[in-house]
Amino acid sequence: MKWKTRLGAGVTALAAVLGVVSAPTASATTLAAPDISLANVKTHLNQLQTIANNNGGTRSARGGGYAASVSYVENLLKNAGYTTTRQTCTSCLGQSQNLIAEWPQGDASQVIMLGAHLDSVSAGPGINDNGSGSASILEVALTLARTNPAMAKRVRFGWWADEESGLVGSKYYVNNLPGAERTKIKTYLNFDMIGSKNWGYFVYDDVASVKAIFDEYFSSIGIPTEGDSEGDGRSDHASFKSAGIPVGGLATGAGDVKSSAQAQKWGGTAGSPFDNCYHRACDTTANIPDAPLEKNSDAIGYALWKLAVAAPQGNDFSVAVNPTSGTVQPGQSLQVAVSTTTTSGSAQSVTLSASGLPAGATATFNPATISSGGSSTLTITTSSSTPTGTFPVTVTADGANADHTASFSLGVGSSSCAPVTTSTRLDIPDYPGAAVSSTANVGCARNASGTTKVEVHITHTYRGDLVIDLVAPDGTAYRLKNSSSDSTPNLDTTYTVNASSEAANGAWKLQIKDVGPADTGYLSSWTLTV
Ligand code: DPN
Ligand code: ZN
């Protein structure tokens, strides 16, 4: 059995049945997206609330509440091993600073960037707008550092100054990026308000492939999403989008009013704003429910892992049989060595089986279950009633992480194929009569040869009229002779045919058609030597 990869439909179905929502599961062959700790995200939000409380109830870019927020985030990131940079934004209120943090692993020419504005409006502490996005990507960054997976791409985070007066900090950052640095940013993901009290699940729809990653996550936990339109052009992704950088992101809604269809879909209150405290003093930690904060944080982790973390080398193996063909008389048995090799990762349990055996034949493996790298012996036993012929047997190696097959050609009967002569007279009707054919039954257990001989004796008054084919048991026709203007009577010729891809066993036919009027004749005998 090959385990489901990434987010199997079964995970969703099971979660629905159990009434639980689980983090994505991953098998040994797929990458594991982490669970982002809701408790830690809430700790960060409490710290931002405390900072606001100590700074006149706000974290607006102008004042100490913003500067203290930058310090809080920066300290945690530095201690976790990030390379952090403060960028003074000269166009921002209070000359406030953007904070940039880069995880120093992965291809530096391919950057996946995540950002959130860290400032609030002056009216309040801005815990949903935008402590929520800031705290969530902070915890994602810390989880990346703790997990320390092999990285395919470079990951960079940005906490933006002074978004609230018009995306000023992020515009400053993008405008000051040299062209070569801009093109390195392959995707920018923005998170602005992901913990709205009367939440919806909105996914930015700017780039379909980026939206699809988030949607894949939400569908795995059974949550429907909608494309975001309320935030279009209103948050920091717009600064990146204007510079031609692909963008995506998540939001749970601001001042827009939840429709009844949306309330049916997600719960909550129809006719009320998604966040009734948007840009107000009441946007505090009391304004933030757990559910959207947790699910959006996990969705961010999922997307980041999918975009930037290297896929682990899965466990894999190969299987081979030796020899690859063999012949037995009916009633006899033969043995085939089956060997496996671990080709990547570590060894896995492999169960062997065989299919394609003729009637009356059985296959046993000793042992039937091995660890990849090991071998087994396949014994094929036929019975006296097993038909003569060649049979393609498929050996299936069903591993815990991957499945593979190997092929064995089983011959039953003698491998010496005696010539078959058919001497029953067969009349050949004159044109436009139908083709006629004579049958030769071959009973042996190998393929026909590359120099299969067909000796033909025909009595006829104009042999140029005749078109002759040899038809193999599987229906493949081999042209022996075309029509011609050869007026000679009778035909006594031996043709050579390369029929090496045909199983010799079975009913072969000599097919003759008269394609010219007036002359007639008959086949007196023919001999087939495969
Ligand atoms: N978070 C809002 C602000 O910073 O004022 C902007 C916004 C509104 C973003 C609606 C997304 C959706
Ligand atoms: Zn905002």
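Trainee: Does Met193 count as buried or exposed?

Mentor: Met193 counts as buried, at 6% relative accessibility. Buried means under 20% relative accessible area, exposed over 50%, and partly exposed in between, with a 1.4 Å probe and protein chains only. This is a predicted model, where local features need pLDDT of at least 70, side-chain atom pairs count only at pLDDT 80 or more, and totals for chains, interfaces and linings use all residues. Residues are numbered from 1 along each chain as its sequence is written, chains are lettered from A and ligands numbered from 1 in the order in which they are written, and side-chain values use heavy atoms, with hydrogens and water left out.

Trainee: What is phi of Met193, and where does the residue lie?

Mentor: Phi is near 75°, a positive value in a residue other than glycine. Met193 sits in the loop between β5 (185–191) and β6 (202–204). Helices (H or I, at least four residues) and strands (E, at least two) are DSSP runs, numbered from the N terminus.

Trainee: Which loop holds Asp162, and what is its phi?

Mentor: Look between β4 (153–160) and α5 (168–175). Asp162 is not a glycine, yet has a positive phi of about 45°. Asp162 is buried, with a relative accessible area of 2%.

Trainee: Now peptide bonds. Is the bond joining Asn366 and Pro367 cis or trans?

Mentor: Cis. Omega is about -5° between Asn366 and Pro367. Pro367 is in the loop between β13 (362–366) and β14 (369–371).

Trainee: What is omega for the bond from Tyr431 to Pro432?

Mentor: Omega is near 5°, and this peptide bond is cis. Find Pro432 in the loop between β19 (426–428) and β20 (436–442).
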